[in-house]
Amino acid sequence: QVQLVESGGGLVQAGGSLRLSCAASGRTFSNGAIQWFRQAPGKEREFVAAISYGGGITRYTDSVKGRFTISLDNAKNTVSLQMDSLKPDDTAVYYCGAAGSTRAIPAYWGQGTQVTVSS
């Protein structure tokens, strides 16, 4: 079992920045990947970014490339998502998930953290 807790969400103006964190407990990042997804009101949950254990592989959806950066702190069992140049379209609940790879569907999910970007 893996428990995931997201933090760092909030309200920010367009063009601003936020840093989300995903803290894992129960079972450490022994293999696989941590992924970030988001879900806006009335829309399906969509992939945002992923990072493999060891940080050797990262993957981003096209809409966030160049603006978001995912990173891994193995010592703290934490994955961060630095979000810069935020847009109103980035408004959503952000979830982190633990998966077998950067492309697999996560088997474990956190509860989510709200990100709201005002125009």
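Strands are DSSP runs (E, at least two residues), numbered from the N terminus. The model is predicted: local features need pLDDT of at least 70, side-chain atom pairs count only at pLDDT 80 or more, and totals for chains, interfaces and linings use all residues. Residues are numbered from 1 along each chain as its sequence is written, and side-chain values use heavy atoms, with hydrogens and water left out.

**View 1. Pairing partners of β11.** Two strands pair if DSSP finds at least two bridges between them. Strand β2 (residues 10–13) runs parallel to β11 and is joined to it by four bridges. Within this pairing, Leu11 has Thr116 as its bridge partner. Strand β9 (residues 92–99) pairs with β11 in the antiparallel sense, over three bridges. Here Val115 of β11 is the bridge partner of Ala92.

**View 2. An open sheet of four strands.** The strand order is β1-β3-β8-β7, and the pairing is antiparallel. β1 (3–7) and β7 (68–73) are the edge strands, each pairing on one side only. On average, neighbouring strands of this sheet are turned by 15° against each other, direction ignored; axes are lines fitted to C-alpha atoms, and angles run from 0 to 180 degrees between N-to-C directions.

**View 3. Strands β3 and β8.** Six bridges link β3 (residues 18–25) and β8 (residues 78–83) in the antiparallel sense. Leu20 stands opposite Leu81 in β8.
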